[in-house]
Amino acid sequence: MSRFRLTQFDTTLSYRGIKTFDCNNDMINTFVKKSLKKRVGKHLSQAYVLLDTHNGDEFVGFYTLDTFSITRDSFEDIDKPSGLPPVVPVVKLGMLSVSKHLQSQGIGKRLLRDAMLKTVQISDLAGCRGIYLLAEKDAILFYRSLGFVALKSSEPVPMFLDIEVIIDLIV
């Protein structure tokens with residue numbers, strides 16, 4: 001039996017450990033404790049939570065997906081996919097995080113793979129060109145290692161992974 005279970009966030013449930021969740025990022029910790037349920041409840045985001053089944057289904061990780069769009073001009077010329085319309089539909093990976101005691105074990109990659117699978121499903125249903133996210137400095141190398149490219153510079157760094165790359169990665 002797997003130690004972890006990934007499930008869609010349910011606003012009607014109380015998750016064990018959600019109020020004490022700590023991923024070593026104060027902004028994300030505060031979001032989980034104060035805003036996650038509200039955003040999902042208002043249909044502004046969808047969230048998927050990772051539960052530790054060996055510890056009473058404790059909340060140990062999550063990610064959020066939003067509908068979003070970026071402009072064709074967001075891309076550096078060298079990384080710009082060809083044939084883009086002026087406004088590019090994407091899935092935004094709003095947040096992704098794992099409890100600090102489980103970091104560096106490949107769990108973040110597992111969550112991102114699930115987000116990629118869902119992005120392909122969304123693309124099949126409604127069309128989108130890939131995943132967009134804003135990466136903090138300490139996460140840029142993680143996302144680059146998975147094929148994300150940085151868009152025009154700012155802080156946090158906007159990054160993008162094209163749907164064709166996602167399909168190649170998960171097939």
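Reader: Is Cys128 buried or exposed?
Author: Its relative accessibility is 10%. Buried means under 20% relative accessible area, exposed over 50%, and partly exposed in between (1.4 Å probe, protein chains only). At 10%, therefore, Cys128 counts as buried.

Reader: What kind of model is this?
Author: Residues are numbered from 1 along each chain as its sequence is written, and side-chain values use heavy atoms, with hydrogens and water left out. Local features need pLDDT of at least 70, side-chain atom pairs count only at pLDDT 80 or more, and totals for chains, interfaces and linings use all residues, the structure being a predicted model.

Reader: How many disulfides are there?
Author: A disulfide is a pair of cysteine sulfur atoms within 2.5 Å. The whole structure was searched. The number found is zero.

Reader: What span does helix 3 reach from its first C-alpha to its last?
Author: Helix 3 has 20 residues. The expected span is 1.5 Å times one less than the number of residues, which comes to 28 Å here. The helix is close to that, at 28 Å.

Reader: Which residues does Leu112 contact beyond its neighbours within four places in sequence?
Author: Leu112 is one of the buried residues of helix 3. Contact means heavy atoms within 4.5 Å. The partners are Leu93, Leu96, Phe142, Tyr143, Leu146 and Phe148.

Reader: How far apart are Gly108 and Tyr63 in space, C-alpha to C-alpha?
Author: Gly108 lies in helix 3. At 16% relative accessibility, Gly108 counts as buried. In sequence, Gly108 and Tyr63 are 45 residues apart. In space, the distance is 9.3 Å.

Reader: What is the volume of the largest pocket?
Author: On a 1 Å grid over the protein atoms alone, a pocket is an open set of points where a 1.4 Å probe fits, with protein on both sides within 12 Å along at least five of seven lines. Grid points are joined across faces, edges and corners, and a volume is the space filled by probe spheres set on the points. The value is about 870 Å³.

Reader: Which element gives the most to the lining of the largest pocket?
Author: Lining residues have an atom within 4 Å of a point. The lining has 34 residues, with Ile28, Leu96, Ser97, Ala139 and Tyr143 nearest the centre. Seven residues come from the top contributor, strand 4.

Reader: Is Ser104 buried or exposed?
Author: Ser104 is found in the loop between strand 4 and helix 3. Its phi is positive, about 65°, although it is not a glycine. At 82% relative accessibility, Ser104 counts as exposed.

Terms used
Helix = DSSP H or I, 4+ residues; strand = E, 2+ residues; numbered from the N terminus.
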